[in-house]
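Hi everyone, thanks for coming. I'd like to walk you through a structure that may be new to you, so let me put it up.

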Amino acid sequence: MLLLDSLEKANPRQLVPDIRKFVLDIYNAEGRLESKDFIYQIPLLVPKRNGEECGSFVLYFINLFMESAPEDFSIQHFPCFMKDNWFTPEGLKNFCEKIESSKEKSDVDELL
C-alpha cells in the first residue's frame, strides 16, 4: 500500500494503524480468510513530502505502476515490483522535471 499525502496535514504516520484496521475490516466483511498478521505484513509506504502538489504524486504513482506492473498482476504475486525504493523522492523530482520540460516545449509549440 502506498499512502500519498503531499500536504502532510493528516500526519500520515499516525494513520497507519487505522488504515491497516480498515483493510482488515474489508477483508473480514468479504469473508476472506487472511489473518491480522497477514494484513499487517503488507508494506505500507508513506513517502516523505517533497514539496510537490498531490497531482504530481498521483501521476508519478500511475506512471510507475504502468511501467512496472506485469501484465498478469495478481495479489498472489504481490509485492513483486513495489519495493521500498520503488517510489523515491529523486524519481518524483525527475518525473516532475520531465513534465515541466514537456510543458515548456508545448508552450513554445503553441507560440509557433
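Let's start with Arg20, which counts as buried, at 9% relative accessibility. Buried here means under 20% relative accessible area, exposed means over 50%, and partly exposed is in between, using a 1.4 Å probe and protein chains only. Before I go on: this is a predicted model, where local features need pLDDT of at least 70, side-chain atom pairs count only at pLDDT 80 or more, and totals for chains, interfaces and linings use all residues. Residues are numbered from 1 along each chain as its sequence is written, and side-chain values use heavy atoms, with hydrogens and water left out.

So, what does the side chain of Arg20 reach? It's the backbone oxygen of Ile42, at 2.8 Å. Arg20 itself lies in helix α1; helices are DSSP runs of H or I with at least four residues, numbered from the N terminus. Leaving out residues up to four places away in sequence, Arg20 touches Met1, Ile39, Tyr40, Gln41, Ile42, Pro43 and Leu44. Touching means contact, that is, heavy atoms within 4.5 Å.

Now, how many salt bridges does the structure hold? Three. The cut-off is a side-chain nitrogen of Lys or Arg within 4 Å of a carboxyl oxygen of Asp or Glu. As background, side chains of opposite charge can pair when their charged atoms come close.

Helix α1, residues 12-29, has Lys21 and Asp25 four residues apart, about one turn of the helix. Their side chains meet in a salt bridge at 3.0 Å, N to O. Lys21 is partly exposed at 44%, and Asp25 is partly exposed too, at 35%.

Over in helix α4, residues 89-111, we find Lys93 and Glu97, again four residues apart, about one turn. They form a salt bridge, with the closest N and O atoms 3.5 Å apart. Lys93 is partly exposed at 47%, and Glu97 likewise at 42%.

Then there's Arg32 with Glu34, whose side chains meet in a salt bridge at 3.0 Å, N to O. Arg32 is partly exposed at 32% relative accessibility, and Glu34 is partly exposed at 23%.

Last stop: the surface. Val58, Ile62 and Met66 form a nonpolar patch there, with about 300 Å² of accessible area together. Ile62 lies in helix α3, residues 54-68, and is partly exposed at 43%.

Conventions:
Helices (H or I, at least four residues) and strands (E, at least two) are DSSP runs, numbered from the N terminus. Patches are made of residues with over 30% relative accessible area and no salt bridge: like charges are joined within 9 Å, nonpolar side chains (Val, Leu, Ile, Met, Phe, Trp, Tyr) within 5 Å. Accessible areas come from the Shrake-Rupley method with a 1.4 Å probe; for residues, only the protein chains shown count as cover. A polar contact is a pair of N or O atoms within 3.5 Å; within protein, one must be able to donate a hydrogen and the other to accept it, and residues adjacent in sequence count only if both atoms are side-chain atoms.
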